[in-house]
Amino acid sequence: MKISINRLKKYIALTESPEEIAALLTQSGLEVEGIEEFVSIPGALEGIVIGEVLTCVKHPDADKLSLTTVDIGADEPSQIVCGAPNVAAGQKVLVATVGATLYPTEGDSFTIKKAKIRGQVSEGMICAEDELGLGVSHDGIMVLDTDLPNGTPASKLIPVTQDQVLEIGLTPNRADAASHLGVARDLKALLGRPLCMDQIPELQVEGDLKAIEVTVENAADCPRYAGVVISDLKVAPSPQWLQDFLHALDLEPINNVVDITNFILHDLGQPLHAFDADKISGSKVIVKKLPKDTKFITLDEKERKLSGQELMICDAEGGMCIGGIFGGKSSGVSEKTTSIFLESAYFSPDVIRKGAQFHGLKTDASFRFERGTDPNMPVYALKKAVKLLQEIAGGKVSSQIIDYYPNPVADFEIEVEYGHINRLIGKKIEPAQVKSILEGLEIGVQNESESGFKAIVKPYRVDVTREADIIEEVLRIYGFQQVALSENLKTDYLAEHPVKDLNKLQYRLSEILGAQGYQEMITNSLTKPSYAEKSAFLDPKFNVEIYNKLSEDLGVMRQTLLFSGLEVLAHNINRRQTDLKLFEFGTVYQKREGSYQEGRRLAIFHSGNRSAESWIEPAKPFAFADLYATIEQILDKLTISIGEVEMLESSPFAYGLRLKLGSKELGVIGLVDDQLLKLAEVRQEVWYADLDWDLLCKKASGLKKYQEISKFPEVRRDLSLVLDKSVSYDQVKQVAIKAGGKLLQRIGVFDVYQGDKIEAGKKAYALSFHLQDQENTLTDKVIDKTMSKLIQAFQNQVGALIRM
């Protein structure tokens, strides 16, 4: 949100620099993200002066150039070569002096230098309109009608608006600060200075009375609706001050009527909308909801189908505007408009938010309405807009102000205790100062006693409804920086914080997988019934059937992520994308014993080659170890250790493993059976892992925490173990972790051997053990003791023969 310092000064006296104002606002919760310089004319006409052409003769060496002498207020006239056809002696002109930088309407900026043009010295430049960035005309130089003395800066003749614009990162709760008035209110409290509000007199109806009948069908959706008719106005470009204000906020001026509504929106935070009064059928304005799928053409000339839940501003024939969001094409103000119906309303934030989200429209008006505007502002904003219309567009008030407001919104009444203020802030603030701060924020204080008071909050502060909110207001104006940190820190919480953020856990894990070259997929939860019927590992009676099926192919909810993933693989493989690493977080569904069950799963797929063919090495297809390594990394990041690992030689795998955490199944991993690949029309090997994401989330203690690298060296020792083939590496690893204790940092396998050099039915693992103490340098005695424990554990628990 952009805020003009010039406009802020209309509300409150400011002597502070923009940087000081920005620091004050940031400390109070309105974070200023940047300060931009705005100049209505690029370069602010610096170095441009008024001059008088004293002589003008033809250039001796160029037919289309003139040689002039120009008085620019210096001791001696300047000689300037000019190419304009209309230059002549006696003219008052604008001269860019040597060193001035010009910012033309088109093209890059350039600096004026003393130069020779066709052999003649030129000490400046007589300027055309487009060369100064004042317009697009390049027919000739600008000829002035002025009595200002020669040498007078051009900015004295042509006003230049200079401003500083604050870029405020407005938080969603501070709807009250979405305007210059709102920001000025905070500065009023911070600086202790009065606020200057325009006193708008009652409108005087002129000319013929043009009545517009207003009907609001549901006061809950539109608690307040105000409007007035303005006639005999002339739609034209806005005056320069208004255009400059809008340009400073990065808004494009349209015409005086629309520009005034935009000015009021950014000035007061109250959106307005102008309808061409002559296009309002039946002289009726009806605020209501239209039937679902009603077609409506908006200002951007797009035809939209209504949801049936958005508010529509209608006339006797149909919709004119999506209330609080976007205008309609047929009722908008055009150059031919001579009378308008000006609307100023307070809409229910919920209704506007739903309508804006449904249509994907985020406008300046909806931004404010959906956060909550001031229900007491519509009529004041309407009067201020009418005053400007009278001044700028020559309009006449042709009706009384219509103000539908059957149930005025009451102020919030909040009981506050001084003890709670001091406890939550962590510092005692005197009651007089608390009262002063609140009154500066226009929060009334009633029924004051030694223990507390009743706060009266105006309804434009939609974020201040509880005692804690009042305390926050006191603290942000008092200053966070004024509350010293005690030696013994402690915190009071208003609500419990979740131990784990499951969404963050999933997001971070997605980032980790993405960094390894995986692509995330999101597939349909509806699938083919035939998958369960033709798969040995699924039971069709557990299918959750859809009563109103879109098709037989989408007739049931999926029991597994396998087939939806295989369909994605088939789609890519058929398009020659054969090397694939995919993952998906998804939900599976079953119907058991009359009740419906669902669970979240994490599926991972490998297919094709893990490395492309190159001159360094041939292509290498994915193997079981690649997928298992990914599973290990996931578990490591979640600080989960695998329990038991079982061989699996049944559907859906040709072979694989079942992973367990205690008595619960964590998931399965393996090579997908060819029969299942045929069901999904996949024509190459697929490695697949299916993990219980709900169980992972439950067992995870958050993402793995990292610590400073130890100052003490790491020691490596190697062992060779001869084992029965039935003993898995995972069993060996679990034994080592228990025996090695905190000194064992990691275990590596650098060789596996099965052959005629050892007994039949045996295999040999060559293992590396990395030992490190975080607090001391390891001694030979400690190292030998740890290795002895490992050797004894391997011999006793897995029957290992140790070969040194």
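How many nonpolar, polar and charged residues does the lining of the largest cavity have? I counted by class and got five nonpolar, five polar and four charged residues. I keep in mind that this is a predicted model.

**Cavities**

I looked for cavities of 30 Å³ or more and found three. The largest cavity holds about 140 Å³ of space. It has 14 lining residues, and the closest to its centre are Ala175, Asp176, Leu268, Gly269 and Asp374.

Next I checked the second largest cavity, with a volume of about 80 Å³. Its lining includes Thr527, Tyr531, Met557 and Phe563. Both α13 (529-533) and β32 (556-557) supply at least two lining residues each. By class I noted six nonpolar, four polar and two charged residues there.

**Rings**

I then turned to aromatic pairs and found 17. One of them is Phe347 with Phe369, edge-to-face, 5.0 Å centre to centre with 70° between the planes. Phe347 lies in the loop between β23 (340-346) and α6 (349-359) and Phe369 in helix α7, so the pair ties together parts 22 residues apart in sequence. Is Phe347 buried or exposed? Phe347 counts as buried because its relative accessibility is 0%. Phe369 is buried too, at 3%.

I also looked up Tyr729 and Tyr765, an edge-to-face pair at 6.0 Å and 85°. Tyr729 is in helix α18 and Tyr765 in strand β43, 36 residues apart. Tyr729 is partly exposed at 23%, whereas Tyr765 is buried at 8%.

**Charges over rings**

Last, I found the charged end of Arg185 over the ring of Tyr460, 3.9 Å from its centre. Arg592 lies over the face of Phe542, 3.8 Å from the ring centre.

Technical notes. Residues are numbered from 1 along each chain as its sequence is written. This is a predicted model: local features need pLDDT of at least 70, side-chain atom pairs count only at pLDDT 80 or more; totals for chains, interfaces and linings use all residues. Side-chain values use heavy atoms; hydrogens and water are left out. On a 1 Å grid over the protein atoms alone, a cavity is a set of points where a 1.4 Å probe fits but cannot get out, and a pocket is an open set with protein on both sides within 12 Å along at least five of seven lines; lining residues have an atom within 4 Å of a point. Grid points are joined across faces, edges and corners, and a volume is the space filled by probe spheres set on the points. Ala, Val, Leu, Ile, Met, Phe, Trp, Tyr, Cys and Pro count as nonpolar, Asp, Glu, Lys and Arg as charged, and the others, Gly among them, as polar. Helices (H or I, at least four residues) and strands (E, at least two) are DSSP runs, numbered from the N terminus. Rings of Phe, Tyr and Trp (its six-membered ring) pair if their centres lie within 6.5 Å; planes under 30 degrees apart count as stacked, over 60 as edge-to-face and the rest as tilted. Buried means under 20% relative accessible area, exposed over 50%, partly exposed in between (1.4 Å probe, protein chains only). A charge sits over a ring if NZ of Lys or CZ of Arg is within 6 Å of the ring centre and within 35 degrees of the ring normal.
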